[in-house]
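Hi,

Here is the structure I promised to pass on. Have a look at it first, and then read my notes below.

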Amino acid sequence: MKITGVDSYILTVPTPRPMALQYPQHKLVVADIATDEGMKGLGYSLVFGGGGAESVHSYLETRLAPVLIGEDPLLVERLWEKMFRADMGIKKQGIAAYALSALDIGLWDIAGKAAGLPLYKLWGAVTDRIPAYGSGGWSKYSEKELVAEAEKYAALGCKYYKMKIHHADPRENRKRVEAVHRALGGGIRMMVDVNQRLDVLANVRQAKLLEDLDLVWYEEPVLADDIAACAEVARAIRIPVATGENIYTRYEFRELVERKAARYLMPDVCRANGFSETLRIGRYAAAHQAAVAPHVVHELSLQIVGALSNGFLVEFIDWTPPDLFEAMPECKDGHFLIADRPGHGMALAGGAKKKYRSG
């Protein structure tokens, strides 16, 4: 089997309220990989909020896709290395990593289809039933909207809910977290996400005000680039730290682990150089007693968590319109059941490309 072409494009997808208050749209950079035997692979990277999607698409189309033409798509590791080393002057972070991720995801889709297996079974399955945490709680939400969203996820059986803390006043953040905590009662545990907004001292003050709420984790406390500061926060507070959504390679995650900067690692398969690198990160984490809870794109992340003994949760953000994919995994009793479809199991719905294409 040989790769004969890569058709890449951008889909711009509007988000529902109240998420639209913060992010009116998201963009998907999509790669349809074709072969001479008629088998196709779908790869895509979710660019949250849409910023930079056009640059991701340009790098994918002009620099990475050409190196795949004529190659055997089942040699996924070889092709990953070829793409990773295509431009040695470009670090595989940010835009380049998003681009490589989309293609790697599409290659694995072909490999799973060729084997007739869903990817988590191809990689060595642990489970086909994955727990989820409801995620949202954006800073522009009112307390009423925060509570309503948390209660929506609780009604789906989710045992965890994560909200953002963005206010400059740590007491105001405490008030908003406590309002949701009180509304949910004892049936759901919470996490908070700082989204890189605070410095070390501000995080120490904020975490101290939240310690009594038995939070699962305290997420992305400082700039993702500053792993030393993240480690300082992790040492100073009494809530486990989670981070990793803006970290792109196993080498950066190794530094996180070696510095004891996080107990929960959160690679994003669309940012961390695809399924291939995310699996490496997850298996490395297992040797250091770190749990893996991938960032967003739960429909893809399920395959990763289903193949890792240290897989913990997937992040459930309910934003996709019903006409984007043929079938999204359904959350029941707070869990997703991984479908038995070969590959990653996702396909664009008929008409989605025409309706949402923007580039």
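Before the notes, one term: two residues are in contact, or touch, when they have heavy atoms within 4.5 Å of each other. Also keep in mind that this is a predicted model.

Let's start with Asp87. You'll find Asp87 in the loop between helix H2 (76–84) and helix H3 (95–115). Is Asp87 buried or exposed? Its relative accessible area is 14%, and buried means under 20%, so Asp87 counts as buried. Not counting residues up to four places away in sequence, Asp87 touches Tyr59, Arg63 and Lys92.

Next, the sheet. It is an open one, made of 3 strands in the order S1-S2-S3, with antiparallel pairing. Strand S1 (3–14) and strand S3 (40–47) are the edges, each pairing on one side only. On average, neighbouring strands of this sheet are turned by 20° against each other, direction ignored. S1 pairs with strand S2 (residues 25–35) over 11 bridges, and Gly5 has Ala34 in S2 as its bridge partner. Helix H1 (residues 53–64) lies across S1, S2 and S3, and runs at about 175° to S1.

Finally, the cores. The largest nonpolar core has 115 residues, and Leu11, Leu210 and Tyr218 are among those with the most contacts inside it. H3 supplies the largest share of this core, 11 residues. Apart from it lies another core of 11 residues, including Tyr133 and Leu313. As for Leu210, its contacts beyond four places in sequence include Ile165, Arg174 and Tyr218.

Cheers

Terms used:
Residues numbered from 1 in each chain as written. Predicted model: local features only at pLDDT ≥ 70, side-chain atom pairs only at ≥ 80, totals over all residues. Heavy atoms only, no water. Helix = DSSP H or I, 4+ residues; strand = E, 2+ residues; numbered from the N terminus. Buried < 20%, exposed > 50% of the residue type's maximum accessible area, 1.4 Å probe, protein only. Pairing = 2+ DSSP bridges. Axes fitted to C-alpha atoms, helices over the stretch in contact; angles between N-to-C directions. Core = buried A, V, L, I, M, F, W, Y, C linked by side-chain atoms within 4.5 Å.
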